[in-house]
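Dear colleague,

I am passing on the structure that you will find just below, together with notes on what came out of going through it. Please read the notes with the structure open beside them.

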Amino acid sequence: MADRVFVGLPKRMVRLTVDGHELEVLEGTTILEACRQLRIDTPTLCQLETLTPVNVCRVCVVEVEGSRVLVPACSRKVEPEMNIRTDSERVRHSRRLVLELLASSVDMSLCSAQVHGWLARYGATPQRFGQDVATVAQPVKIDNDLYVRDYSRCILCYKCVEACGVDAQNTFAIGVAGRGFDAHISTEYAVPLPESACVYCGNCIGVCPTGALMFKSEHDMREAGTWDESTQSITETVCPYCGVGCMLELHVQDNSIVKVTSPLDHSVTAGHLCVKGRFGFQFVQKRKP
Ligand code: SF4
Ligand code: SF4
Ligand code: FES
């Protein structure tokens with residue numbers, strides 16, 4: 001007789017209501033996933049499908065009937081007969097304030113168009129806090145040839161810490177240091193990156209939503225005024241360095257590779273690479289003088 005294989009317990013369907021729409025989803029589904037099934041655009045900053053939810057940004061909050069406080073949609077699981085509102089005045093007010101506080105103290109200019117769309121949709125006006133508002137402005141950290149860290153763009157979403165830790169790399173080269181407004185991302189004892197445990201996989205860059213972590217190549221081109229995403233193409237290929245089969249996306253401008261990413265939904269990489277796949281592209285474009 002063939003060995004029996006345990007394939008998990010059957011899951012129940014959970015019925016709930018979101019903004020007046022009834023739906024059924026599998027138990028274990030988050031409110032965010034239920035919202036996405038209804039095509040309700042829910043802002044997120046610290047959430048990523050490939051990372052464990054950390055609930056730190058609170059921009060995804062929704063109102064759940066019977067709950068005293070707003071709940072984070074990215075991590076709260078659905079429950080039977082939940083009645084959820086995603087666009088009440090209370091939700092809009094909370095999301096606006098979160099976005100305003102972040103945008104008043106952090107340079108969010110390199111965030112995606114989607115993030116800028118949320119700032120506009122919720123009417124965030126960070127300038128209302130005035131000129132003397134506290135910020136995290138500081139010089140860019142350039143201490144190696146592969147990537148730079150510009151923490152004046154850091155919203156403390158923890159994504160880099162998670163990618164460097166148990167969710168991907170298991171290197172733990174970076175963590176959150178300090179408390180309150182002084183909380184910041186740091187290497188151990190704030191040593192420069194080359195003296196830290198960093199192995200330069202660049203998985204922190206891959207998940208950073210604000211441009212705080214950036215390829216040195218991109219940083220240098222931005223400084224020189226030559227970075228132009230509108231002229232860049234992306235070529236998909238498989239990393240040639242070993243037999244794992246990581247999928248690479250080569251971002252090419254003016255016939256040169258300017259950075260390398262991997263798709264979040266790729267079954268081998270989940271968006272993560274090693275130092276060779278991420279940064280070892282110079283040999284491809286070694287040209288005769
Ligand atoms: S490059 Fe890799 S090892 Fe270094 S800090 Fe980023 S995630 Fe950690
Ligand atoms: S450096 Fe980027 S990924 Fe890391 S906490 Fe700051 S914004 Fe998030
Ligand atoms: S996206 Fe839900 S708390 Fe950040």
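**A nonpolar patch on the surface**

Leu97, Leu101 and Phe129 form a nonpolar patch on the surface, and together they have about 230 Å² of accessible area. Patches are made of residues with over 30% relative accessible area and no salt bridge, with like charges joined within 9 Å and nonpolar side chains (Val, Leu, Ile, Met, Phe, Trp, Tyr) within 5 Å; a salt bridge is a side-chain nitrogen of Lys or Arg within 4 Å of a carboxyl oxygen of Asp or Glu. Accessible areas come from the Shrake-Rupley method with a 1.4 Å probe, and for residues only the protein chains shown count as cover.

Of these residues, Leu101 lies in helix α2, residues 89-105, where helices (H or I, at least four residues) and strands (E, at least two) are DSSP runs numbered from the N terminus. Leu101 is partly exposed because its relative accessible area is 45%, given that buried means under 20%, exposed over 50% and partly exposed in between, with a 1.4 Å probe and protein chains only.

**How the model was handled**

This is a predicted model, in which local features need pLDDT of at least 70 and side-chain atom pairs count only at pLDDT 80 or more, whereas totals for chains, interfaces and linings use all residues. Residues are numbered from 1 along each chain as its sequence is written, chains are lettered from A and ligands numbered from 1 in the order in which they are written, and side-chain values use heavy atoms, with hydrogens and water left out.

**The two ligands**

Around ligand 1 stand Tyr147, Cys164, Thr171, Ile174, Cys198, Val199, Tyr200, Cys201, Gly202 and Cys204, a residue being near a molecule or strand if one of its heavy atoms lies within 4 Å of it. This shell divides into 8 nonpolar, 2 polar and no charged residues, where Ala, Val, Leu, Ile, Met, Phe, Trp, Tyr, Cys and Pro count as nonpolar, Asp, Glu, Lys and Arg as charged, and the others, Gly among them, as polar.

Ligand 2 has 14 residues around it, of which Cys154, Cys157, Tyr158, Cys160 and Cys208 come nearest. By class, the shell of ligand 2 has 12 nonpolar, 1 polar and 1 charged residues.

**The open sheet**

There is an open sheet of 5 strands in the order β2-β1-β5-β3-β4, with mixed pairing, and its edge strands are β2 (21-26) and β4, each of which pairs on one side only. Two strands pair if DSSP finds at least two bridges between them. Strand β1 (residues 13-18) runs parallel to β5 and is joined to β5 by 2 bridges, with Ile84 in β5 as the bridge partner of Val18.

Strand β3 (residues 61-64) is joined by 2 bridges to β5 (residues 83-85) in the antiparallel sense, and here Glu63 stands opposite Arg85. β3 also pairs antiparallel with β4 (residues 71-72) over 2 bridges, where Val62 stands opposite Val71. The hairpin of β3 and β4 has 6 residues between the strands, and Gly66 in the turn has a positive phi of about 90°. From β3, Val61 and Glu63 point one way and Val62 and Val64 the other way, and all are buried.

Strand β11 (residues 247-253) is mostly covered, with 7 of its 7 residues buried. Met247, Glu249, His251 and Gln253 point one way from β11, while Leu248, Leu250 and Val252 point the other way. In a regular strand the side chains alternate between the two faces of the sheet.

Strand β10 (residues 233-238) runs antiparallel to β11 and is joined to β11 by 6 bridges, with Thr237 opposite Leu248. On the pairing with β12 (residues 256-261), 5 bridges join β11 to β12, again antiparallel, and Leu250 stands opposite Val260. The hairpin of β11 and β12 has 2 residues between the strands, and Asp254 takes a positive phi near 50° there.

**Two loop residues to look at**

Arg58, in the loop between α1 (31-37) and β3, has a phi near 65°, a positive value in a residue other than glycine. Arg58 counts as partly exposed because its relative accessibility is 35%. Phe172, in the loop between α4 (159-164) and β7 (174-177), has a positive phi of about 55° although it is not a glycine. Phe172 counts as exposed because its relative accessibility is 52%.

With best wishes
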